[in-house]
Amino acid sequence: MGIGPSTKETTLHHMNDPMVEIVRNDRSLDLVGIAVVGSPQDNLEKFYVAKRLGMLAEALGVDGVLIYAEGFGNQHIDFAAHIEELGKRGIPAVGLTFAGNGLVVENEYMEDIIDLDKAGEGMETEIVGQNCVTKKDVIKSIKILKKKMKNKRR
Amino acid sequence: MVKLSIARARSLTMEMPEKYAELALKNKTRKESKDEATPFPKEKIMRTLTWREFSVYDVKITNETKIEKNILCIDERLAKRAININPIVKKVTLRVIKPHERNVFVNSIMDIIPVAAKVEGKIGEGVTHFLRGMVVFLTGTDEEGRQISEFGSSHGILKEKVAFGMPGTPVSGEIILNIDVVIEKGTGMERRGPLAAHQVCDWILDNIRRELKKLPPHEAIYAQEFKDVRREGRPKVLIVKELGGQGAMHEKIIMPSEPGGVRGGKSIIDLGNVPVILSPNEVRDGGIHSVT
């Protein structure tokens, strides 16, 4: 498992990224930056990377994290590990990914995951760009994150 | 309680027990603190990126690379010369697919790349020229005819294999420049194979970028300033992009020299896959190149 045509993010996607565009223009949020994190091959390395991300979020003192992963299958091991590291530090996180037929791993911190499956087939459709993040998914995730951040402040 | 109404008064002295005064002051401060909860956000501009878009409505393959009167001409010899960039690449073919001709066969689509060039400054600030109306499709096979793909291949009829109008795909009216490469047999599943294809494609695009940089600002059809803004006092949000970093088709190039390019960037694998911070402008300006 890995990244198939329908979940891969092309160079054009990264430039047009709806997530970045919407969050940067939302006047009620302070976007600190975009952390780009790779998904390594080795399982131990996956947890190494996740720990670094947790420390980075802690050091930046962020109130919330929007995380999305391209691809599926073993990419979800890191995805779950990232959310766990953030959850341990009490940072609310909303995840977006192509869940397919369910995630391969789960943990207690993964409360809010948005599935990017557009075809409704739960599998790789081999159509380029079909199961990627759209504006609709982003607006949904921001709404959930704002609610979570509000609850945390109380 | 105390109630007082005055229509016209020159000087007025009011005396009351201390506890009433305290109460009155307390109410006042409470009201003030309520106002402070929603102040107007203080915006701090960190960096500015000037974005100019130029339109093309036709792409031709001729004997010279130039952009003239909204027509992009590409030198056919570039395809032959591009092979010298990396010995893994054996053959390069250029093809133009018009919007109404999408009923054609294409090899596995490796990437969709917009054409943009840096005129001033580095990625994320300065001036960028962007070519609107066309995108580049990088496709490829190896010498034995095997599609360059890892998990599911997107070869087939173009119309059926691309979800047009998504953030990462062109809209229905855009012209497609198809750069098709043939790489050494067996390298499709190694890291160097797909990377070589992207390097060759980037070299061809560099030739177009050189022309794009020359276009005068007044010919732009659209201009915008993107600002990296920090809003003090608002909840801080971090966006995390988890990208493939496993080698062979799972790789990203971070912060290349040209928007969406390969040259000058560092692979996320070489960076050890650890988190790297980019600014919103750097992402907008093509700071991430997919080698997926």
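First, the ground rules. This is a predicted model, where local features need pLDDT of at least 70, side-chain atom pairs count only at pLDDT 80 or more, and totals for chains, interfaces and linings use all residues. Residues are numbered from 1 along each chain as its sequence is written, chains are lettered from A and ligands numbered from 1 in the order in which they are written, and side-chain values use heavy atoms, with hydrogens and water left out.

Now the interface. How many residues of chain A are in contact with chain B? The count is 75 residues of chain A, in contact with 70 residues of chain B. Contact here means heavy atoms within 4.5 Å. The area buried between the chains is about 6400 Å². Buried area is the accessible area (1.4 Å probe) that two parts lose on being put together, summed over both. Carbon and sulfur atoms give 57% of that area.

What about charges? The rule finds seven salt bridges across this interface. A salt bridge is a side-chain nitrogen of Lys or Arg within 4 Å of a carboxyl oxygen of Asp or Glu. Take A:R24 and B:D228: they form a salt bridge, and their closest N and O atoms are 3.8 Å apart.

Which element gives the most to the side of chain A that touches chain B? Several elements give two or more residues, among them α2 (18-25), β1 (30-39) and α3 (43-60) of chain A. Helices (H or I, at least four residues) and strands (E, at least two) are DSSP runs, numbered from the N terminus. β1(A) gives the most, with 10 residues.

β1(A) also pairs with a strand of chain B. Its partner is β17(B), residues 276-278, in the antiparallel sense over three bridges. Two strands pair if DSSP finds at least two bridges between them. A:V36 has B:V276 as its bridge partner.

Next, chain B. An open sheet of three strands has the order β16-β15-β18, with antiparallel pairing. β16 (266-267) and β18 (288-290) stand at the edges, each with a single partner strand, so one side of each is left without a neighbour in the sheet. Three bridges join β15(B), residues 252-254, to β18(B). There, B:I253 stands opposite B:H289.

Last, one residue. A:E111 lies in the loop between β3 (93-97) and β4 (113-115) of chain A. Is A:E111 buried or exposed? A:E111 is exposed, because its relative accessible area is 59%, and exposed means over 50% (1.4 Å probe, protein chains only).

Technical notes
Buried < 20%, exposed > 50% of the residue type's maximum accessible area, 1.4 Å probe, protein only.
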